[in-house]
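Dear colleague,

I am passing on the structure below, together with some notes on what was found in it. Please read the notes with the structure open beside you.

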Amino acid sequence: MSAGAAADARPDHLTEARWVRGLLLALALGFLALFLLAPLVAVFAEAFKKGWELYLAAITEPDAWDAIKLTLWVAAVALPLNLVFGVAAAWAIAKFQFRGKQFLITLIDLPFSVSPVVAGLVFVLLFGSQGWLGPWLQDHDLKIVYAVPGVVLATLFVTFPFIARELIPLMQAQGSEEEQAALTLGASGWQIFWRVTLPNIKWGLLYGAILCNARAMGEFGAVSVVSGHVRGLTNTMTLHVEILYNEYQFSAAFAVASLLALLALVTLVVKNLVEWRGARPLAAAVPPEPAAAPGLARPAAA
């Protein structure tokens, strides 16, 4: 039975009127157009308002270029560290039982419930000149807050739940039967991980990495608190956009913002490709529904 025939075969009390479906679709599309497409179009329109030459000049001037390089560098540092932590945490939570397991899950969810600005203030309290570790850091000529290490730490704090939270339910649903079978056959821990666990979670891992990378490049609150807004040193792209806008350099601000928007669009396309590619093996693994024998009616669902 086709999908359309199945939909037509549903009882009347489980279907909605055609005008209701049209109204819901129109509301959804109108909301997306108003709050997503219109701002996106406005960003690119303002970015190219004064011509291509001024656009290129805005994104290639030294401070903007330093902000772009710092954003990419911070994301390049945060992503591998989050991959290691996310896989380790998900593997421990999904495959083992230990004391403090629920507390670890709570810690992983902490950045979702704490404001990024509060997280930045915590780092200032810990590593600032008047913070708990400030005097010791000054004695050893180490600088974390208002320097690049502080930007990296703030970015790590707000991004580390993404990969772990993507993998935990996936690995819990898969269970540990395959790992136990490999262990019974004499496989080592690394062999089990590389040949059994990793192939099973590769699409979820890639999906979590995409989300983590997108958040790392677009983070503003926590980074704003710990960076000090030092041009050419601790300004990421989001902070550089804020500074340009506050200085009434609107075209330059929208030019850099358009790069962030472009990165977001690329991330969205890659995310959808990963979802589509990851769904294909799942669809192929589902056996087709057996056809009813001739002359026998399919039993009705309870």
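Axes here are lines fitted to C-alpha atoms, for helices over the stretch in contact, and the angles between them run from 0 to 180 degrees between N-to-C directions. Please bear in mind that this is a predicted model, in which local features need pLDDT of at least 70 and side-chain atom pairs count only at pLDDT 80 or more, while totals for chains, interfaces and linings use all residues. Residues are numbered from 1 along each chain as its sequence is written, and side-chain values use heavy atoms, with hydrogens and water left out.

The axes of helix α9 (residues 161-174) and helix α11 (residues 189-218) come within 8 Å of each other and cross at roughly 155 degrees, where helices are DSSP runs of H or I with at least four residues, strands are runs of E with at least two, and both are numbered from the N terminus. That makes α9 roughly antiparallel to α11, on a scale where angles under 35 degrees count as roughly parallel, over 145 as roughly antiparallel, 65 to 115 as roughly perpendicular and the rest as oblique. On the α9 side the contact (heavy atoms within 4.5 Å) is made by F162, I163, E166, L167, L170, M171 and Q174, and on the α11 side the residues include I201, L205, Y207, L211 and R215. By class, the residues of this contact of α9 with α11 divide into 11 nonpolar, 5 polar and 2 charged, with Ala, Val, Leu, Ile, Met, Phe, Trp, Tyr, Cys and Pro taken as nonpolar, Asp, Glu, Lys and Arg as charged, and the others, Gly among them, as polar.

Helix α9 also packs with helix α5 (residues 101-113), at an angle of about 130 degrees and with the axes 9 Å apart. That makes α5 oblique to α9, and the crossing of α5 and α9 is left-handed. Here I105, I108, D109, P111 and F112 of α5 meet P161, F162, A164, R165 and I168 of α9, a contact with 8 nonpolar, no polar and 2 charged residues.

As for the chain as a whole, it has 14 helices and 0 strands. Of its 302 residues, 33% count as buried, where buried means under 20% relative accessible area, exposed over 50% and partly exposed in between (1.4 Å probe, protein chains only). Among contacts between residues at least 6 apart in sequence, 71% join residues at least 24 apart.

H229 is placed in the loop between α12 (221-227) and α13 (237-246) and, at 28% relative accessibility, counts as partly exposed. Y248 lies in the loop between α13 and α14 (250-285) and, at 65% relative accessibility, counts as exposed.

Finally, L126 lies in helix α6 (residues 116-127) and counts as partly exposed, at 24% relative accessibility. Leaving aside residues up to four places away in sequence, L126 touches G131, W132, L133 and G134.

Terms used:
Left-handed = near helix turned anticlockwise from the far one by under 90°.
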